[in-house]
Every structure is written in structure tokens, then in C-alpha cells.
Amino acid sequence: MADEVLKVEGLQQHYGGSHILRGLDFTLKAGEVTVVLGRNGVGKTTLLKSLMGVVPVTSGRIELGGVDVTKLKSHERVRAGFGYVPQGREIFGRLSVMENLQMGLASKPASTPLPAEIFELFPVLKQMQGRRGGDLSGGQQQQLAIGRALAAGPKVLLLDEPTEGIQPNVIKDIGKVIKHLAHDKGLAVLLVEQFYDFAAELADQYLLMQRGEIVARGRGADMELEGVRDKLAL
């Protein structure tokens, strides 16, 4: 059985007077991709931001490797083992590709080198390392954002809709990288995704959200049998 890397218990989050996340419980295991599915506005992005400490949680517990990280700040969570690729990528448009990647090392000692594997996973970044991030295509920017998140050597990789606005051939490449990072490198990957076919192809485990709650969960191989595609339309 894969090792449990992340454990979330009773996660509640409020924004103003709105109750966004309602008692979420789940675990992530090393070497597995867990996909989070649901219509717009059900709390998927808020879940990732809560795990990263970008937004505060009202109550609940987040454990990474058996350590309670619920009250840690975002940069401390990166140091503890989180990697985060936000929706919209949020790369630094005026910085070069290399400078963007080096930003991923901010939590490491100054002499820490970039992992060579980033350029093996994304050869285009090596070719364009001197180019400004803002001059890259959407697909190249997404690869850059993932590479930046990998720079610090995370145990858990959080991805928020990595296929959004990306050309089909790059979506395929990103899918291969995600599968490799989980199945070959042992990362626990939490993937928020709207594109059902992409999610179903990668999922070892799925979580289906409605109105801030997890209403269905199971193994990725059972998604079609359990009618997950139809449930998304409800």
C-alpha cells in the first residue's frame, strides 16, 4: 500500500458570510494522482488555496507527513513539502524562464541548484531559459509554472486546472509528466480539473465536489462505471 502523505480532516472555510468548504476529509498517497472534480463555484480552487495557506481555514486539520501544518504560512508549507501551480499559472512575465524557475528555490539555501530533471521533463524550458516568461505561449507558461513548483522538491503537488487555455499537444505532454511524477517519482498529486477525459485518464483516485462538500469518491478506474461524468452535469 502506498504511504499516506497528506491527511485532511474536517476542513471548513468561510469567506465573509459564505460557507465555502464544509467538513472535507480525504487522504493523498505517495505515487498516486487524486483528481478533484466539480462544477464551477463548488470550492475546488478554495480547497487548494486552503491547503497552501493562501486563505485561512475556519477549522479542521491538515497533516503533511504526519506533521500538523494547519497554522503554517504559505512559504513554510513549501519548505515542508508542498508544491503549488495556481489557476492561471501566475508566472513572472518580466523575469526570464531561468529566473522564474529560480524563484521556486526561494525556500532553499542560496547555493541550491535547480534540479536537472526539470529540463528533462520540459526541454522547451532549456531552449528558452533566457526568454521572458511573458513571451511564452500559454502551454509553455504552464510548463514553466509546473517546473517552478518542482524546483523545491515537493512531496505533494497541487495543480489547479493545468489544461486551461492550453493547446491539445501540450495537454498530452503535461499529462505524461503528471503521470511520471506520481507513478515513477512517488509524488502525491492533487489535480483540480474541468476537462473530464484528462482527469479520468490520470486519476488513481477521484473526489467529486458539490456545494463545498465531497459527495462521491472512489478509484479512478471506476469513474465511468460509477457515472461520474453524469454526476458532474447535475
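Contact here means heavy atoms within 4.5 Å. The structure described is a predicted model.

The model contains an open sheet of six strands. Their order is E6-E7-E8-E3-E9-E10, and the pairing is mixed. Strand E6 (82–85) and strand E10 (213–219) form the edges, each pairing on one side only. On average, neighbouring strands of this sheet are turned by 15° against each other, direction ignored. Strands of a sheet pair through backbone hydrogen bonds, either parallel or antiparallel. For strand E3 (residues 33–37) and strand E8 (residues 188–192), the sense is parallel, with four bridges. Opposite Val-35 stands Leu-191 in E8.

Helix H6 (residues 138–150) lies across two strands, E6 and E7 (156–160). Its direction is at about 165° to E6.

Helix H1 spans residues 44–52. Its buried residues are Lys-44, Leu-47, Leu-48, Ser-50, Leu-51 and Met-52. An α-helix has 3.6 residues a turn, so residues three or four places apart point the same way. Gly-53 follows H1 and has a positive phi, near 80°.

Rolling a probe the size of a water molecule over the atoms shows where empty space is left. The largest pocket holds about 450 Å³ of space. Its lining comprises 18 residues. Nearest the pocket centre lie Met-52, Val-78, Tyr-84, Met-103 and Arg-148. Helix H2 (74–80), E6 and H6 are the elements that give two or more residues to this lining. By class, eleven lining residues are nonpolar, five are polar and two are charged.

Notes:
Residues are numbered from 1 along each chain as its sequence is written. This is a predicted model: local features need pLDDT of at least 70, side-chain atom pairs count only at pLDDT 80 or more; totals for chains, interfaces and linings use all residues. Side-chain values use heavy atoms; hydrogens and water are left out. Two strands pair if DSSP finds at least two bridges between them. Axes are lines fitted to C-alpha atoms, for helices over the stretch in contact, and angles run from 0 to 180 degrees between N-to-C directions. Buried means under 20% relative accessible area, exposed over 50%, partly exposed in between (1.4 Å probe, protein chains only). On a 1 Å grid over the protein atoms alone, a cavity is a set of points where a 1.4 Å probe fits but cannot get out, and a pocket is an open set with protein on both sides within 12 Å along at least five of seven lines; lining residues have an atom within 4 Å of a point. Grid points are joined across faces, edges and corners, and a volume is the space filled by probe spheres set on the points. Ala, Val, Leu, Ile, Met, Phe, Trp, Tyr, Cys and Pro count as nonpolar, Asp, Glu, Lys and Arg as charged, and the others, Gly among them, as polar.
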